[in-house]
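This report goes through a single chain, from overall figures to individual side chains. The structure comes next, followed by the text.

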Amino acid sequence: MGHKLKIAGWIAVGAVAGALTTVQMQAVARGSLAPLPLEELQQLAAVFGMVKSDYVEPVDEKKLISEAISGMVASLDPHSQYFDKKSFKEFREGTSGRFVGVGIEITMEDGLVKVVSPIEDSPAFRAGLKSGDLITKIDDTAVKGLSINDAVKLMRGEPRTKVLLSIFRKDENRTFPVTITREEIKTQSVKTKMVEPGYAWVRVSQFQDRTIEDFAKKVEDLYKADPKIKGLVLDLRNDPGGLLDAAVALSAAFLPENVTVVSTNGQLADSKFVYTAAPQHYLRRGGSDPIKRLTEATKGALKSVPMVVLVNEGSASASEIVAGALQDHKRGTILGSQTFGKGSVQTVRPLGPDTGLKLTTARYYTPGGKSIQAKGIVPDVMVDETLEGNVFAALRTREADLTKHLTNGKEAKPGETPMTDAQRAAEQVREQDRETARKRLEDEAKKNPGQRLIPEFGSEKDFQLQQALNKLKGRPVLVSKTQTEREEEKKDN
C-alpha cells in the first residue's frame, strides 16, 4: 500500500496543498483574554522538569519548549501552525512568490526528480535544463528515496551559493553534471493565452503577493491584443489558495463595485467582517490599484464578459472564495468538480523576529451566507476531468479527509454525532474508488512511462477547458454521468 500511495502522491499534490491557507497577515499580538489555568501550567512545568532530569539522555531545553508549543497548536486543526525560524522563512517565501533556488517546476518519476519546466530566465533555464530531464543526484546526495520536499530543500539555499545537479536526459541517453548558482526566483502564479480567437484562458495557480499585479498586467495585454473578447475561462483548478486580500481583489475585477465578496466570523471582534469589491478591502499597501487600472484599460469589459470558472477537488481556500462569490452573484458558470472545502481563515502573527503563529481565527462565508467548510463549492455544471471520467479524483485529499478538520459551524462537532450506516457505507465506497483509481494509475504508469496521465491545463487535450468553451459558445456540454454532490460527513470518535 505504501508503494501505491507513493505512486499516487503527485496526483494528490494540488489537493493536499489546500492546507496552504487563506491568510490574513497581522503583526499585532494580543494579550491573554482569560486567566491562565495555573494547575495545568504547574503540570506542564513538572513534566518539563522530569524530562530534563530523568530522560535517558540530555535534551535541548529550547527544542523541548518549541516542540511543546508546536504540539499545542497542531492539536487545534490541520491549518494552525507554530513557525520556528526555518518554517517561518519557508512560509513567507510561499506567500511572497519569491524564493532562493535554481528555478524549476518539478514532479517525481520512478523515485527521481523530473523537471516539468524551467522557469523562464532562471539559473536552471540559463544552464540549459529541459522539460523531462531527470535529476539523479543533488550535490553528493542520491535523489532515489527522497521525498519531493526533501529534494526541494536540498536545491534551495542562500543566494550566490552553488549546487551540483546530476542530470539524466532520456532522449540523449546520457548523464551529465550541471553546476548552478542559486539566486532569488520570482514565481509566476498567473498564466494567460487566447485559446481560440475571441476566447481567453486565465489561470491563477496560487494567491500570492504579486498575483493581482500579474493578473492585471496579463489580462490587460490580452485585451490589447483582442479588444473584442467574447468569452473568458478563469481556471482555478488545483489552486490551493493563499492570501485573502488577493482573493477579494480578483473577485472585484469581475463584480460590480462594493458588492459583498466574502464575510468572516470568529471569536474576536476583528474576525467578524464583511469584505466587499472595494479597494479598501484588498489594498494592503499604498500605491496604485491594479484592479482599477485594469477596469479602466478594458473599459469595464471584465464586469460583463461571459465567463466560466473551472474548479476541481484541488481548488481550495482563496480560490473557493472567488468561485463562491462569482457563483452567488451569478457572474459566471462554475464548471468542474466539487472543491476541496477549506472554509477557514488563518491569521499570521509574528512572535519575534524569526518565529510566528498561524492560527485559525474565523470561518468564511460566501455572499449568500453559505459555509463551505468541509463541503466545498458545488459546481453549477459537473464535468469530469477526461472523456473517460474523473479517473484519479478519488486519490485527491479533501478538507473532510483531514484529521481534526473544523465543522462548518452548523453541524455538531466531530465525535458528538456518530456516523450513520449510510455515511459508513459511503466512506467504504469512497475507499473502494480510491483503490480502483490507485490500480488504474499504476497500470497507466506502466503502459506510458514518463507520460502525463492527465492532460496539461490549458492544452488542446484539456477536456474540461473544451467543455467550458462549449458552454461559452452555447454548444452542448458533456456533463458528468457519475459525479454527485458530496454529503456533509461526520466522523466517528
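Accessible areas here come from the Shrake-Rupley method with a 1.4 Å probe, and for residues only the protein chains shown count as cover. The chain exposes about 24,900 Å², of which carbon and sulfur atoms supply 54%. This is a predicted model, in which local features need pLDDT of at least 70 and side-chain atom pairs count only at pLDDT 80 or more, while totals for chains, interfaces and linings use all residues. Residues are numbered from 1 along each chain as its sequence is written, and side-chain values use heavy atoms, with hydrogens and water left out.

**Overall figures**

Helices (H or I, at least four residues) and strands (E, at least two) are DSSP runs numbered from the N terminus. The chain has 12 helices and 20 strands. A residue is buried under 20% relative accessible area, exposed over 50% and partly exposed in between (1.4 Å probe, protein chains only). Of the 493 residues, 48% count as buried. Contact means heavy atoms within 4.5 Å. Among contacts between residues at least 6 apart in sequence, 73% join residues at least 24 apart.

**Cores**

A nonpolar core is a set of buried Ala, Val, Leu, Ile, Met, Phe, Trp, Tyr and Cys residues joined through side-chain atoms within 4.5 Å. The largest one has 51 residues, and Phe-215, Leu-250, Phe-254 and Leu-302 are among those with the most contacts inside it. Helix 8 (residues 244–254) gives the most to this core, with 9 residues. All of that helix is covered: 11 of its 11 residues are buried, including the polar Asp-245 and Ser-251. Leaving aside neighbours within four places in sequence, Phe-215 is in contact with Leu-250, Ala-253 and Phe-254, and also with Val-190, Val-202, Leu-294 and Leu-302. A second, separate core of 20 residues includes Val-115, Ala-151, Met-155 and Val-163.

Glu-220 is found in helix 7 (residues 211–225). With a relative accessible area of 16%, Glu-220 is buried. Not counting residues up to four places away in sequence, Glu-220 touches Arg-293, Leu-294 and Ala-297.

**Aromatic pairs**

Rings of Phe, Tyr and Trp (its six-membered ring) pair if their centres lie within 6.5 Å; planes under 30 degrees apart count as stacked, over 60 as edge-to-face and the rest as tilted. The count comes to 4 aromatic pairs. Phe-273 and Tyr-275 form an edge-to-face pair, because their ring centres are 4.7 Å apart and their planes are at 65°. Ring pairs also link Phe-83, Phe-88 and Phe-91 into a cluster.

**Surface**

Patches are made of residues with over 30% relative accessible area and no salt bridge; like charges are joined within 9 Å and nonpolar side chains (Val, Leu, Ile, Met, Phe, Trp, Tyr) within 5 Å. A salt bridge is a side-chain nitrogen of Lys or Arg within 4 Å of a carboxyl oxygen of Asp or Glu. Leu-36, Leu-38, Leu-41 and Leu-44 make a nonpolar patch of about 410 Å². Leu-41 lies in helix 2 (residues 38–54).

Gln-267 is found in the loop between strand 14 (260–265) and strand 15 (273–276). Its contacts, leaving aside neighbours within four places in sequence, are Lys-272 and Thr-361. The C-alpha atoms of Gln-267 and Arg-363, 96 residues apart along the chain, are separated by 10.0 Å.

Relative accessibility for several residues is listed below.

| Residue | Relative accessible area | Class |
|---|---|---|
| Leu-41 | 38% | partly exposed |
| Gln-267 | 76% | exposed |
| Phe-273 | 35% | partly exposed |
| Tyr-275 | 10% | buried |
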